Amino acid sequence: MTDDDSLDVSPRDIAILKARVDYPTVSTRELSRILEIEYGISLSHNRVNEILRAMADEEVFREIVLPNRELFRHYLFRIAFNFPEFDEHWRDCYEALVEDPHVLMFFTADSNYHWHVVIQFRSDDRMERWVHEFFKTHGDLIGEFHNTMLHSVHKFRTEAAIFDDILAETEEGRRYLEHGE
């Protein structure tokens with residue numbers, strides 16, 4: 001995604017999303033009050049609910065459950081390719097990673113187009129068995145495989161304040177930010 005590919009979401013809707021992230025468990029009635037106090041946005045709780053539902057339908061955000069980070073051990077796998085086999089095998093491997101329930105995040109992060117996978121297991125033994133089966137199935141594609149255990153995951157969430165950057169991009173958004181000050 002380039003800067004030009006970003007979603008076009010109104011500053012009001014960003015403020016609503018920010019409030020939902022900041023107060024994830026409050027009712028939409030209470031969220032409506034918070035929006036009025038913190039941003040000067042006056043909407044009924046029904047309208048707030050409709051806006052949140054529409055943003056979810058448009059995939060502006062996803063509602064997910066993040067278990068306590070201490071339930072699992074987290075690992076970072078970096079996968080480089082055996083390029084002569086790439087064309088024939090990449091799709092099956094890609095789809096297997098996207099669909100695998102152990103995969104928390106899957107992305108490309110360097111100029112070599114290596115795949116990086118943040119993955120979670122209950123134990124090192126389960127991770128090692130998974131890697132063994134992964135190599136049995138997709139080994140022809142893999143040129144290099146690096147595994148790093150993430151011993152201490154100190155932060156595992158998105159902060160509502162990140163939306164301030166988006167709000168600061170427009171005059172309307174800056175007014176919402178200034179209202180709360």
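**The overall picture**

Let's begin with contacts, meaning heavy atoms within 4.5 Å: among those in the protein between residues at least 6 apart in sequence, 67% join residues at least 24 apart. Before going on, please keep in mind that this is a predicted model, where local features need pLDDT of at least 70, side-chain atom pairs count only at pLDDT 80 or more, and totals for chains, interfaces and linings use all residues. Residues are numbered from 1 along each chain as its sequence is written, and side-chain values use heavy atoms, with hydrogens and water left out.

The protein has 7 helices and 4 strands, taken as DSSP runs (H or I, at least four residues, for helices; E, at least two, for strands) and numbered from the N terminus. From the N terminus on, the order is α-α-α-β-α-β-β-α-β-α-α. The radius of gyration, taken over C-alpha atoms, is 21 Å, well over the 16 Å that the globule rule (2.2 Å times the number of residues to the power 0.38) gives for 181 residues, so the protein is more spread out than a compact globule. Of those 181 residues, 30% count as buried, that is, under 20% relative accessible area with a 1.4 Å probe, protein chains only.

**The sheet**

Now, in what order do the 4 strands of the open sheet come? They run β2-β3-β1-β4, with antiparallel pairing; two strands pair if DSSP finds at least two bridges between them. The edge strands are β2 (103-108) and β4 (142-150), each pairing on one side only. Between β2 and β3 (residues 115-121) there are 5 bridges, and Phe 107 stands opposite His 116 in β3. Helix α5 (residues 124-138) packs on this sheet, where it touches β1, β3 and β4.

**Around helix α1**

Finally, the helix packing. Helix α1 (residues 11-22) meets helix α3 (residues 45-57) at an angle of about 95°, with the axes 11 Å apart; axes are lines fitted to C-alpha atoms over the stretch in contact, and angles run from 0 to 180 degrees between N-to-C directions. That makes the two helices roughly perpendicular, the word for 65 to 115 degrees. On the α1 side, the contact is made by Arg 12, Asp 13, Ile 16, Leu 17 and Arg 20, and on the α3 side by Arg 47, Val 48, Ile 51, Leu 52 and Met 55.

Helix α1 also packs with helix α7 (residues 171-179), at about 35° and with axes 8 Å apart. Here Pro 11, Arg 12 and Ala 15 of α1 touch Glu 172, Gly 173 and Tyr 176 of α7.

Conventions. Angles under 35 degrees count as roughly parallel, over 145 as roughly antiparallel, 65 to 115 as roughly perpendicular and the rest as oblique. Buried means under 20% relative accessible area, exposed over 50%, partly exposed in between (1.4 Å probe, protein chains only).
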